[in-house]
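Here is a short briefing for a first look at this structure. Keep the sequence and the model side by side as you read.

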Amino acid sequence: MERTKNARRPNEPIPEAAMSEYSVLLKEPNSLYPLLEVARVEDLSVLTDYITDSGEGRVSLDSDVCSKLVAAAKRGSFTSPERVLIGKEVLLYGGNSVANAFRSLWSAASNGNRDATITYHELVHDVAKQIGAGVHTEADVQSVERAILLTLFRKSLDTLSKTDREAALKAVGATERAIAAAGPTLAAVSAAAIGAMVAGGLAQQALGRTLVFAAPALVPSISPFAGPVGIMLGGLWSAAGLASPAYRITIPCVVQLAHMRTTYMDAANSKACPACGAHIPTTAQFCTACGAKC
């Protein structure tokens with residue numbers, strides 16, 4: 001299997017700070033609930049807005065669930081059960097339309113078992129198929145999520161002028177050749193930046209809000225493209241097969257989750273340069289941004 005640029009070798013140590021913050025995710029890097037367990041409040045609030053229609057509620061959403069998630073977002077703190085609840089709702093919306101139409105019966109049948117719906121692995125593969133991201137049927141979640149982000153980024157590039165296209169590529173640290181040739185996986189640094197741009201654009205278009213990025217350095221370079229990228233992504237809803245309420249929720253949620261995973265995994269496998277603060281691979285002896293010894 002091809003090793004990504006910033007991937008950690010099996011025997012390479014993880015910095016203590018990163019291990020303590022992301023240890024749950026690092027143990028199960030392709031799972032949904034470990035990702036939600038370590039998620040930032042800002043990221044969970046975005047998922048809450050997608051699920052609850054920015055607090056307005058949905059016909060297919062239990063009012064008690066809506067109230068719990070909206071209250072958590074308002075107080076700026078999500079308990080472990082509330083994080084699990086977000087995951088359950090994402091998977092419930094990922095089920096077929098009949099299951100969502102009879103939500104109360106579906107929930108009763110699950111008997112509280114969070115695994116009674118489709119799996120997250122099945123959900124991301126379904127979303128990849130819907131947006132035209134070609135992935136192998138047995139590809140893992142991280143690979144599929146990155147393929148989704150890359151596919152949406154490529155689609156957005158096609159709507160930009162030549163000047164804006166070049167600027168967008170520069171903002172995410174990629175080249176035309178790399179984007180054209182890249183498979184489902186990208187270098188971790190590129191995936192994180194591309195994920196931020198795609199998720200940021202979608203949040204601006206669908207929710208009218210600006211994402212709060214974990215890496216502030218991304219904001220100046222990526223924020224100018226949130227509008228154009230969001231407009232392109234908004235056009236997906238008019239495409240055949242994507243007009244159903246379920247896809248209008250699951251696609252934004254999967255994009256947000258993919259953005260979260262690439263960001264957290266990048267942070268877990270990176271360290272900050274003591275001189276300039278740039279994120280560099282944990283094994284780097286010199287900073288790729290300023291050249292300082294690390």
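The side chains of Glu21 and Tyr22 are joined by a polar contact of 3.3 Å. The model that shows this contact is predicted.

**Glu21**
- Glu21 belongs to helix H1, which spans residues 16-27.
- Is Glu21 buried, partly exposed or exposed? Its relative accessibility is 47%, so Glu21 counts as partly exposed, because that class lies between under 20% for buried and over 50% for exposed.
- Glu21 and Ala267 are 246 residues apart along the chain. Their C-alpha atoms are separated by 9.8 Å.

**The cavity**
- How many cavities of 30 Å³ or more are there? The count comes to one.
- The largest cavity holds about 30 Å³ of space.
- Its lining is made up of Gln142, Glu145, Arg146, Arg261, Thr262 and Met265.
- Which elements give two or more residues to this lining? They are helix H9 (141-157) and helix H15 (245-268).
- By type, the lining has three charged residues, two polar ones and one nonpolar one.

**His259**
- His259 sits in helix H15. That helix also gives two or more residues to the lining of the largest cavity.
- Why does His259 count as buried? Its relative accessible area is 4%, and buried means under 20%.
- Leaving out residues up to four places away in sequence, His259 touches Asp43, Leu149, Gly195, Ala196, Ala199, Leu211 and Phe213.

**Confidence**
- The chain has a mean pLDDT of 79. A pLDDT of 70 or more is reached by 76% of its residues.
- Which element has the highest mean pLDDT, and which the lowest? Helix H2 (residues 32-38) has the highest, at 97. Helix H6 (residues 97-101) has the lowest, at 41.
- Over residues 96-115 the pLDDT is below 50. Beyond near neighbours in sequence, this stretch has 23 contacts in the model.
- Residues 1-18 also stay under 50 in pLDDT. For residues 1-18 the model has 27 contacts beyond four places in sequence.
- Where pLDDT is low, predicted coordinates should not be read in detail.

Conventions: Residues are numbered from 1 along each chain as its sequence is written. This is a predicted model: local features need pLDDT of at least 70, side-chain atom pairs count only at pLDDT 80 or more; totals for chains, interfaces and linings use all residues. Side-chain values use heavy atoms; hydrogens and water are left out. pLDDT is the predictor's confidence in each residue, from 0 to 100. Helices (H or I, at least four residues) and strands (E, at least two) are DSSP runs, numbered from the N terminus. Contact means heavy atoms within 4.5 Å. Buried means under 20% relative accessible area, exposed over 50%, partly exposed in between (1.4 Å probe, protein chains only). A polar contact is a pair of N or O atoms within 3.5 Å; within protein, one must be able to donate a hydrogen and the other to accept it, and residues adjacent in sequence count only if both atoms are side-chain atoms. On a 1 Å grid over the protein atoms alone, a cavity is a set of points where a 1.4 Å probe fits but cannot get out, and a pocket is an open set with protein on both sides within 12 Å along at least five of seven lines; lining residues have an atom within 4 Å of a point. Grid points are joined across faces, edges and corners, and a volume is the space filled by probe spheres set on the points. Ala, Val, Leu, Ile, Met, Phe, Trp, Tyr, Cys and Pro count as nonpolar, Asp, Glu, Lys and Arg as charged, and the others, Gly among them, as polar.
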